[in-house]
Amino acid sequence: MRTPLLDLVRPGFRRLCRAYFGLELSGIDNIPVDGPLIITPNHQTYADPALVTIPVRRRIYYMAWSRLFEIPVLSWMIRRLRAFPVRIESTDPSSMREAVRLLLAGHVVMIFPEGERTLTGNVERFKLGAFRLAASLRVSVLPVTIAGGHESWPPGRVFPRPGRISITYHPPLEPDPALAPREAASALAQRTRAVITGALGEVSAAGASRHPRRSSTR
């Protein structure tokens, strides 16, 4: 499904990001052109959803932190960019129901498995929500590695500094049909995180967590 407004601004936005961030995109051919899909990037900056979207020529829906929808102007803007809220501090069945509806309709949903921006630059533990959706609906997951964003726009900095950001789109991963949904979700989360941390050169020791740390910051 085409996105006329995004197609119009996409070239200019990409040029701007290349000039300011030295943005490099690789693995674009790995992005599926049709069918339901969950995009699961690591999370380094507020700009991640826009940056990851640049080469995706499909309509994307974004699962976003519920507190962003409490800011009047920002709430209006992100709703029109097809974001829907999720409470990261607790289980949120309403956001899961919306994600299920979108995926069953064949759409693309972007979910950041860490739930919030990294404070250290490393990939934090993965929450399992995105992978439970993938396992229960038999939907592919597209791992995406963002590198350099934390150095350019770390938490606490109002505006990003010029830097070098690279984004890698890895081959899609499928949930293991031989496993029960719970086990398939956990295995898929571990595989996804290993792909992302491997591209960053991190040791994937933390893995995915069934009991991620609770936080009210992003």
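The crossing of helix 5 and helix 7 is right-handed (the near helix is turned clockwise from the far one by less than a right angle). The model is predicted, local features need pLDDT of at least 70, side-chain atom pairs count only at pLDDT 80 or more, and totals for chains, interfaces and linings use all residues. Residues are numbered from 1 along each chain as its sequence is written, and side-chain values use heavy atoms, with hydrogens and water left out.

**Exercise 1.** Classify the angle between helix 5 and helix 7 and describe the residues of their contact.

Step 1. Helices are DSSP runs of H or I with at least four residues, strands are runs of E with at least two, and both are numbered from the N terminus. The axes of helix 5 (residues 129-137) and helix 7 (residues 181-200) come within 8 Å and cross at roughly 125°. Axes are lines fitted to C-alpha atoms, for helices over the stretch in contact, with angles from 0 to 180 degrees between N-to-C directions.

Step 2. Angles under 35 degrees count as roughly parallel, over 145 as roughly antiparallel, 65 to 115 as roughly perpendicular and the rest as oblique. The two helices are therefore oblique to each other.

Step 3. Helix 5 contributes Phe131, Arg132, Ala134 and Ala135 to the contact, and helix 7 contributes Pro181, Ala184, Ala185, Leu188, Ala189 and Thr192 (contact means heavy atoms within 4.5 Å). Eight of these residues are nonpolar, one is polar and one is charged (Ala, Val, Leu, Ile, Met, Phe, Trp, Tyr, Cys and Pro count as nonpolar, Asp, Glu, Lys and Arg as charged, the others, Gly among them, as polar).

**Exercise 2.** Is His150 buried or exposed, and which residues does it contact?

Step 1. His150 lies in helix 6 (residues 149-152). Its relative accessibility is 13%, so His150 counts as buried (buried is under 20% relative accessible area, exposed over 50%, partly exposed in between, with a 1.4 Å probe and protein chains only).

Step 2. Apart from neighbours within four places in sequence, His150 is in contact with Gln44, Thr45, Thr118, Leu119, Thr120, Gly121 and Pro155. A polar atom of the His150 side chain lies 3.5 Å from the backbone oxygen of Leu119.

Key:
A polar contact is a pair of N or O atoms within 3.5 Å; within protein, one must be able to donate a hydrogen and the other to accept it, and residues adjacent in sequence count only if both atoms are side-chain atoms.
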